[in-house]
Amino acid sequence: MIRTEEMLLNVGPQHPSTHGVFRLLIKIDGETIVEAIPICGYLHRGTEKLAEDLNYTQIIPYTDRMDYVSAMTTNYVLVHAVETMMGIEIPERAEYLRVIVMELQRIASHLVWFGTYLLDLGALSPFLYAFKEREKILQLFTELCGARLTYNYMRVGGVKWDIPDEGWLKRVKQFIDGFKKEWEGYHQFVTGNEIVQARLKGIGKYDAETAIKYSLSGVNLRCTGVKWDLRKNEPYSIYDRFDFEVPTATEGDCYSRYLLRMAEMEESRKIVEQALQQFPSGGEIMAKVPKIIKPPVGETYVRIESPRGEIGTYIYSKGRPNPYRLHFRRPSMINLQILPELLKGENIANMVTILGGIDIILGEVDC
Amino acid sequence: MADEKDLELEKAKAAAAAKAKAAAAAKAKAAALAKANGNAEQTAPQEESTAAQPQAVENAAPAEASSAAATGADDLADAKAKAIAAAKAKAAAAAAAKAKAMANAGGDESPAVDGDDAKAKAIAAAKAKAAAAAAAKAKAMANAGGDESPAADGDDAKAKAIAAAKAKAAAVAAAKAKAAGDAAAVESGAAPEAEKPSKNRPKLELIVKKITDRFGADVIEDSYINFLAKELPTVVIKKESWFEVARFLREEPELAFEYLSDLHGIDHETHMEVFYVLQSYRTGLVLSVRVKTERDGGELPSLTPIWSGANWQEREVYDLLGVRFTGHPDLRRMFLPDDWVGHPLRKDYVQYDEEV
């Protein structure tokens, strides 16, 4: 007679497959997870509190460190909020630069996810391919603004740096052309792989109703058939000028989330391609903004589509150079809430699959 | 384009401010004497303008300066020199302020309607003074013509009544005259009388109507379009009925707010507030809801039974602001350790250990 008893297992915070310093306390019965208790806060820096003593330009570097895999979009969500409050019109050239870097960033972010996710599943080599391509994007960003990860690139009213030379746009074009072949290669090597399919299909499944109830956003929501992408549904910046699809799936499992992120890379590539074609040959990269940025009295809430979902900024301004209250709606944190629900009754081997499928960045969860 | 205008305006203001200041200094003695037997109201404006003086020059927006009085000093490089000048002008400040108010009222509308707390205070004080003086009607009328401030938060019923009509006319004129950026500022003021058209107004009206039909008008404290947030419809709901209203918003088929997008708290120093953003995929509506509660020991109903996504966000509000959510399944600190003292996002938070 086999006797089983519940056991507590601590996963993380120092565990590679938690993608940061996320800690999970799981109760297991044999190999089955009975209960999972997420414990957050190991990376909590109090960004929102710190921001209350800083002026708006000084807050931008803090947003780099929030979602550090997609710093361009977090840069944008802050400056976009301030610009919305002040009614600043952004020069065309700056808008195009923003879109190009944000979409390249989306590709880079999904590449990190793709590489590390397969690493979680035990496949080493896709990681190398993915990071090789990502490094090319980071190289382009370094040429543009001098940093690999913490760009501090955007400013209220535009961007900090213009393209370093005319060749930069050509190099972006070169990259996205080459990337298409690489991307097709990923599908050949990975998507059809039997092990990958066996490990992903039907795992971490939920339906649209559950996804909405848990406030999921981004791919985690779209994998249940809800076609919602803020770039399409509430166009910000100049996204209404580009022709791209919002990929959705209906299965709601890890495999569909994998497919969607792959498809999104291709859509982002298309946007970059179009943006390069439309890129204005001259013009300003900064709107005329006051030296000391003081949004009018009142509050604002804006949201955009980051690679992880709906990221939002709330600002309550008293007309001073620093915000009275600044809040970020972080998709990583809110998407992660569903994890205990998904892990209940799962096999312990699927734990990392499900966690990785949500695609969290701990800098953003804890903020 | 608005910015260029602003720059010019600011330059002009700077000149005006400098002039006004010089005049104030010159007038200092005489004015001080004249003011010595003035009314009690002076104390507040005196302090305001004193603090404001240095900023006024630096910032080239005299009236706006008083709003930033508290932070003004931080902004300056040459605060000291100006502070001395300000101190000198202190005695005359009240008189100068009056003169300035008259001089500026015509050209500088935006601060008057802006509705900022500090600003409002300054305005209120100035206005009270004006009202006191304006027992003499002719003067009052002359003042009110250019100055819409009484409409914003009239403490004096008479002055309000007189000024309201004028303010409205002035607001229209101002809105026309001013660039788009400033127009937004005008609207952001709490004064709802001049309603700007918005594509979201019918949506807000629908939501308000639905709530009033079901719960009566009492549950809604306020409703408006937030022009600073891409015309986001906003309602302020009383906390006693909030849970039922939230459930209604979720279940009413014509509203169907099935998605809780955001939830966070704000410490307003007088009270706590929790800000919700709701969204519906079916009806396409987006709504922000603000619910107020007490600052100390404030409680709100937990929305976790309605939207599971509220769970961690409420825990975060509890962790960082100390607002308790009744009925929450697991109200623990979200990020900070369980033995942490205090709630850091509160404005009165004192660090347990300054060194950390």
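Student: In this predicted model, over how many bridges do β3(B) and strand β4 of chain B pair?
Tutor: The model is a predicted one, and in it strand β4 of chain B covers residues 272-279 and pairs with β3(B) in the antiparallel sense. The number of bridges over which β3(B) and β4(B) pair is 8.

Student: Which strands stand at the edges of the sheet in chain B?
Tutor: The sheet is open and has 5 strands in the order β1-β2-β5-β4-β3, with mixed pairing. An edge strand here is one that pairs on one side only, and from one strand to the next the twist averages 20°. The edge strands of chain B are β1 (220-226) and β3 (259-267).

Student: Which strands of chain B does helix α13 touch where it packs on the sheet?
Tutor: Helix α13 of chain B takes in residues 239-251, and its direction makes about 160° with that of β5(B). Another helix, α14 (residues 310-321) of chain B, lies across β3 and β4 of chain B and runs at about 5° to β3(B). The strands that α13 touches are β2 (232-237), β4 and β5 (286-293) of chain B.

Student: Why is one side of β1 and of β3 in chain A left without a neighbour in the sheet?
Tutor: In chain A, 3 strands form an open sheet in the order β1-β2-β3, and the pairing is antiparallel. Since β1 (6-11) and β3 (32-39) of chain A stand at the edges, one side of each is left without a neighbour, and the reason is that each has a single partner strand.

Student: Which residue of β2(A) does Asn10(A) stand opposite?
Tutor: Strand β2 of chain A covers residues 23-29 and runs antiparallel to β1(A), with 6 bridges joining the two. Within β2(A), the residue that stands opposite Asn10(A) is Leu25(A).

Student: Which residues of α6(A) are buried?
Tutor: Helix α6 of chain A has 25 residues, 167-191, and reaches 35 Å from its first C-alpha to its last, close to the 36 Å expected at 1.5 Å a residue. What covers its buried residues includes α4 (92-120), α5 (125-145), α7 (194-200) and α11 (254-278) of chain A. The buried residues of α6(A) are Val172(A), Phe175(A), Ile176(A), Phe179(A) and Val190(A).

Student: What is the radius of gyration of chain A?
Tutor: There are 15 helices and 8 strands in chain A. For its 367 residues the globule rule gives 21 Å, and the value for the chain is close to this, so chain A is as compact as a globular protein of that length. Its C-alpha trace spans about 80 × 45 × 35 Å along the principal axes. The radius of gyration of chain A is 21 Å.

Student: What percentage of the residues of chain B count as buried?
Tutor: Chain B has 356 residues, and its secondary structure comes to 14 helices and 7 strands. Among the contacts in chain B with a separation of 6 or more, 59% are accounted for by residues 24 or more positions apart. The share of the residues of chain B that count as buried is 45%.

Student: Which element supplies the largest share of the side of chain A that touches chain B?
Tutor: The contact takes 40 residues from chain A and 42 residues from chain B. Several elements of chain A each supply at least two residues of this side, among them α3 (71-86), β6 (298-306) and β7 (309-317). The largest share, 5 residues, comes from β6(A).

Technical notes. Residues are numbered from 1 along each chain as its sequence is written. Chains are lettered from A and ligands numbered from 1 in the order in which they are written. This is a predicted model: local features need pLDDT of at least 70, side-chain atom pairs count only at pLDDT 80 or more; totals for chains, interfaces and linings use all residues. Two residues are in contact if their C-beta atoms, placed from the backbone, lie within 7 Å. Helices (H or I, at least four residues) and strands (E, at least two) are DSSP runs, numbered from the N terminus. The expected span of a helix is 1.5 Å times one less than its number of residues. A residue is buried if 20 or more other C-beta atoms lie within 10 Å of its own, exposed if 12 or fewer, and partly exposed in between; C-beta atoms are placed from the backbone. Two strands pair if DSSP finds at least two bridges between them. Axes are lines fitted to C-alpha atoms, for helices over the stretch in contact, and angles run from 0 to 180 degrees between N-to-C directions. The radius of gyration is taken over C-alpha atoms; the globule rule is 2.2 Å times the number of residues to the power 0.38.
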